[in-house]
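Welcome, and please open your viewer. We will go from stop to stop, and at each one you will hear what to select and what to look for.

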Amino acid sequence: MKRPLIGIPTQTLQAIDDIPAGLPHSWVMNSRYSLAAAAMGAVPVMLPLFADDPETLRALYDRLDGLLLAGGVDVDPAAFGEAPHPRLGRTDPPRDAVELQLARWAVEDGKPLFGLCRGLQVVNVALGGSLWQDIEAQVNGAIKHDYFPTAGYARDYLAHDAVLAGGSRLHAAFGAPSIRVNSMHHQAIKVLAPALHATAHAPDGVIEGVESDTHRFLVGVQWHPEMFEPSDPRTQRLFRSFVDAARRAAGGA
């Protein structure tokens with residue numbers, strides 16, 4: 001059985017906090033995303049940020065069977081027409097440009113698309129939605145969502161519940177009305193893109209999952225399921241459903 005090729009865009013090393021200035025410009029990505037995709041039967045490939053070379057970017061995209069958008073730094077509010085909030089964190093404009101373009105192509109072509117944390121936010125912005133730039137400062141009554149490793153929290157720390165909508169892919173994968181999730185973000189969906197519907201919410205109403213009923217596979221989650229893929233069968237079902245959709249896309253089904 002053919003293993004589908006899954007593209008995972010990288011991020012600019014220099015967009016990460018505390019990177020020494022003398023290091024060469026580099027494109028990097030957390031290995032957990034590739035390991036999770038490979039464990040579920042995909043062949044993952046990290047994508048360079050050819051923001052200024054759309055021809056090469058399109059050639060890379062055309063070879064993919066699916067697209068996984070990973071976590072990372074903040075989305076630049078210029079992408080959804082807002083000025084920066086004082087609490088906006090580090091951004092990576094070339095990554096924004098590449099991921100927004102790839103997401104739009106994937107939606108146009110019906111290519112399987114899976115967004116994790118920042119990836120969910122990118123999909124929402126790509127399809128016409130917007131983001132809260134800082135939940136604590138902008139969302140009344142919000143619970144804590146920014147359980148960052150840099151503040152001493154483990155990446156698999158289960159921070160809060162996420163209520164899953166009945167009939168959704170998320171509900172089918174996890175087989176439960178709610179689950180506990182990790183939480184490493186301070187941005188979140190503000191205005192939901194018209195092509196998406198929310199299929200998971202945090203206790204404070206913040207959107208934790210989105211899907212599209214008209215797409216072969218389009219799912220975004222605000223947590224980091226790649227941390228639980230090695231040991232949690234429910235998370236494995238979610239990743240496998242994405243990889244299976246990519247395999248069917250590769251076969252033309």
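**Stop 1: aromatic pairs**

Let us begin with rings: the count comes to 10 aromatic pairs, where rings of Phe, Tyr and Trp (its six-membered ring) pair if their centres lie within 6.5 Å. Planes under 30 degrees apart count as stacked, over 60 as edge-to-face and the rest as tilted. Before we select any, a word on the source: this is a predicted model, in which local features need pLDDT of at least 70 and side-chain atom pairs count only at pLDDT 80 or more, while totals for chains, interfaces and linings use all residues. Residues are numbered from 1 along each chain as its sequence is written, and side-chain values use heavy atoms, with hydrogens and water left out.

Select Tyr61 and Trp105. Their ring centres are 5.4 Å apart and their planes stand at 45°, so this pair is tilted. Tyr61 belongs to helix 2 (residues 54–62) and Trp105 to helix 3 (residues 93–109), so the pair ties together parts that are 44 residues apart in sequence. Helices (H or I, at least four residues) and strands (E, at least two) are DSSP runs, numbered from the N terminus. Are these two residues buried or exposed? Tyr61 is buried at a relative accessible area of 1%, and Trp105 is buried at 12%. Here buried means under 20% relative accessible area, exposed over 50%, and partly exposed in between (1.4 Å probe, protein chains only).

Now select Tyr147 and Tyr153. With ring centres 4.9 Å apart and planes at 80°, this pair is edge-to-face. Tyr147 is buried, at 13% relative accessible area, whereas Tyr153 counts as partly exposed at 29%.

To finish this stop, show Phe114, Phe217, Phe239 and Phe242, which ring pairs link into a cluster.

**Stop 2: the nonpolar cores**

In soluble globular proteins, nonpolar side chains tend to be buried together. A nonpolar core here is a set of buried Ala, Val, Leu, Ile, Met, Phe, Trp, Tyr and Cys residues joined through side-chain atoms within 4.5 Å. How many residues does the largest one have? It has 30, and those with the most contacts inside it are Leu68, Phe114, Leu170, Phe174 and Trp223. Among the elements that give two or more residues to this core are strand 1 (5–9), helix 1 (31–39), strand 8 and helix 7 (233–250). Helix 7 provides the largest share, six residues.

Next, zoom in on Leu170. Not counting residues up to four places away in sequence, Leu170 touches Leu164, Thr199, Ala200, Gly209, Glu211, Val219, Val221, Trp223 and Leu238; contact means heavy atoms within 4.5 Å. A second, separate core of 29 residues includes Val75, Val98, Ala126 and Leu131.

**Stop 3: strand 8**

Select Ala162, found in strand 8 (residues 160–164). Ala162 is buried, with a relative accessible area of 0%. Beyond neighbours up to four places away in sequence, Ala162 touches Pro177, Ser178, Ile179, Val181, His201, Glu208 and Trp223.

His160 also lies in strand 8 and counts as buried at 4% relative accessibility. Leaving aside neighbours within four places in sequence, the contacts of His160 include Ile143, His145, Arg180, Ser183 and Pro203.

**Stop 4: a helix 7 residue**

Move on to Gln236, which lies in helix 7. Gln236 is buried at 17% relative accessible area.

**Stop 5: two positive phi angles**

Select Asp18, in the loop between strand 2 (11–12) and strand 3 (27–28). Asp18 has a positive phi of about 65° although it is not a glycine, and it is exposed, with a relative accessible area of 75%.

Then jump to Cys117, in the loop between strand 6 and helix 4. Phi of Cys117 is near 55°, a positive value in a residue other than glycine. Is Cys117 buried or exposed? At 4% relative accessibility, Cys117 counts as buried.
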